[in-house]
Amino acid sequence: MTIRRGALWLAGSIVFLLVLAIVGGVIVVRSNWFREQVRERIVATIETATGGRAELSGYRFDWKQLRAEVDRL
């Protein structure tokens with residue numbers, strides 16, 4: 001019985017950690033910090049590709065529809 005109980009405890013712990021990681025990931029992806037990091041990365045990639053200067057006032061990403069919109073590029 002103790003092996004079964006230990007296996008159930010281990011499986012429950014793994015499921016809990018997986019759910020915690022998913023919830024934490026969603027919170028980070030929806031944060032302003034993450035949005036700013038992505039905006040800076042977009043600008044840096046455009047500047048590297050074109051060799052010029054780029055500005056991006058903002059962007060929106062709808063993760064439910066996987067759709068992105070940029071403002072004043």
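Modeller: Helices (H or I, at least four residues) and strands (E, at least two) are DSSP runs, numbered from the N terminus. This is a predicted model, in which local features need pLDDT of at least 70 and side-chain atom pairs count only at pLDDT 80 or more, while totals for chains, interfaces and linings use all residues. Residues are numbered from 1 along each chain as its sequence is written, and side-chain values use heavy atoms, with hydrogens and water left out.

Biologist: Which pattern does the protein chain follow along the sequence?

Modeller: The secondary structure comprises two helices and two strands. Read along the sequence, the protein chain has the pattern α-α-β-β.

Biologist: What is the radius of gyration of the protein chain?

Modeller: The radius of gyration is taken over C-alpha atoms, and the globule rule is 2.2 Å times the number of residues to the power 0.38. For 73 residues that rule gives 11 Å, and the protein chain is well over this value, so it is more spread out than a compact globule. Along its principal axes, the C-alpha trace spans about 70 × 25 × 20 Å. The radius of gyration is 20 Å.

Biologist: How many of the 28 residues of helix 1 are buried?

Modeller: Buried means under 20% relative accessible area, exposed over 50%, and partly exposed in between (1.4 Å probe, protein chains only). In the protein chain, buried residues make up 7% of the 73 residues. Helix 1 is hardly covered, and its count of buried residues is zero.

Biologist: Is Leu-8 buried or exposed?

Modeller: Leu-8 lies in helix 1, which covers residues 2-29. Its relative accessible area is 59%. Leu-8 is therefore exposed.

Biologist: What distance separates the end C-alpha atoms of helix 1?

Modeller: The expected span of a helix is 1.5 Å times one less than its number of residues. For the 28 residues of helix 1 this should be 40 Å, which agrees with the model. The end C-alpha atoms are 40 Å apart.

Biologist: Which residue just after helix 2 takes a positive phi?

Modeller: Helix 2 runs over residues 32-50. Just after helix 2, a positive phi of about 75 degrees belongs to Gly-51.

Biologist: Which residue in the loop between strand 1 and strand 2 is concerned here, and what is the phi of Leu-66?

Modeller: Leu-66 is placed in the loop between strand 1 (58-62) and strand 2 (67-71). At 68% relative accessibility, Leu-66 counts as exposed. Its phi is positive in a residue other than glycine, near 50 degrees.
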